[in-house]
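Open the structure in your viewer and have the selection tool ready.

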Amino acid sequence: MKRSFFLLLIIFPHCSYAMELGNRIDPVGLAIGKTNASANINQNYVPYNQAVAALCEFPIIQTTYTNSFFLPSLGRGQLGLVYPCKFGTWCASIDYYGFSEYGEISAGIAFAKWFKPYFSIGLELDYIGIFLSKDDGVASTAIVQLGMIVFPTNSLNISVHAYNLSFSPVHCTNLKIRIPSIFKIGVSYKFEKNILLKFELSKELSSPILIGGGIEYEPIKFVTIRAGLCGQKNLVSTIGIGLNYKSFGCDLGISYDTKLGISSAFGLYYRLKKR
């Protein structure tokens with residue numbers, strides 16, 4: 001546990017900054033250069049960009065787990081539901097990150113609408129809770145997320161997303177914790193039906209720009225292969241694979257940071273019958 005906390009101090013040197021909030025990524029996005037603002041070939045997870053949910057055709061139940069550097073205390077779990085209906089698509093999700101000395105929880109509900117064929121838009125309201133210690137308990141706040149995708153052609157989509165658009169902090173007894181405000185713009189282009197290219201720029205207000213991109217390829221119906229690169233301070237290479245059979249599917253994404261090591265994400269999903 002001391003090793004985990006020491007590593008966190010290296011990666012997140014500012015104690016008044018929430019460590020993982022806003023960094024949620026599913027195994028598909030992780031494998032494609034850590035891109036999560038634009039659409040993939042198939043949408044099987046609660047999307048980071050709420051506007052992507054409008055493209056989902058089936059109700060989906062899913063769970064993901066991400067881990068950094070093979071340290072059990074640097075794991076993050078998430079449960080989510082996507083539910084398309086007549087008027088749009090609803091999403092609900094809850095995820096937790098932390099260990100005995102520190103914890104972050106986020107629970108959100110989102111709604112997305114596709115104004116065919118021009119654009120889709122999504123809005124999410126999140127409850128954020130941060131556990132600092134037994135003495136301080138849990139401090140909480142609410143934040144707003146907003147996403148949009150524009151479709152210039154059937155193959156091309158341009159996406160934008162804002163996390164914590166309300167710039168909400170968390171106020172504790174002796175400390176104000178800043179929740180990151182992250183802004184993303186992404187582009188994805190689909191060749192035929194089985195090849196997708198993605199490129200994305202991500203900017204947190206106090207951090208350098210993160211650039212990422214990659215490719216997703218579906219050689220046969222049941223298998224999807226993914227790879228990408230991204231960089232901020234260090235070059236990170238990513239790779240992953242997805243398998244599906246009928247309504248069930250799983251995905252694995254792995255990233256390698258040249259200085260910090262390997263991180264991974266694994267996800268399971270089940271598609272319910274189309275309503």
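Select Lys-246 in this predicted model: it sits in the hairpin of strand 14 and strand 15 and takes a positive phi near 55°. The two strands of this hairpin have 2 residues between them.

Now widen the selection to residues 235-245 and 248-257, which are strand 14 and strand 15. They pair in the antiparallel sense over 10 bridges.

Pick Leu-229 and you will find Ser-237 of strand 14 opposite.

Stay with strand 14 and show its side chains. Which residues lie on its covered face? They are Val-236, Thr-238, Gly-240, Gly-242 and Asn-244. The uncovered face holds Leu-235, Ser-237, Ile-239, Ile-241, Leu-243 and Tyr-245. In a regular strand, side chains alternate between the two faces of the sheet.

For the last stop, jump to Asn-40, in the loop between helix 2 (27-31) and strand 1 (60-68). Is Asn-40 buried or exposed? Asn-40 is buried, because its relative accessible area is 12%, under the 20% cut-off. Show the side chain of Lys-198 as well: the side chain of Asn-40 makes a polar contact with it at 2.7 Å. Beyond its neighbours within four places in sequence, Asn-40 is in contact with Val-28, Ile-32, Leu-196, Lys-198 and Glu-216.

Terms used:
Residues are numbered from 1 along each chain as its sequence is written. This is a predicted model: local features need pLDDT of at least 70, side-chain atom pairs count only at pLDDT 80 or more; totals for chains, interfaces and linings use all residues. Side-chain values use heavy atoms; hydrogens and water are left out. Buried means under 20% relative accessible area, exposed over 50%, partly exposed in between (1.4 Å probe, protein chains only). Helices (H or I, at least four residues) and strands (E, at least two) are DSSP runs, numbered from the N terminus. Two strands pair if DSSP finds at least two bridges between them. A polar contact is a pair of N or O atoms within 3.5 Å; within protein, one must be able to donate a hydrogen and the other to accept it, and residues adjacent in sequence count only if both atoms are side-chain atoms. Contact means heavy atoms within 4.5 Å.
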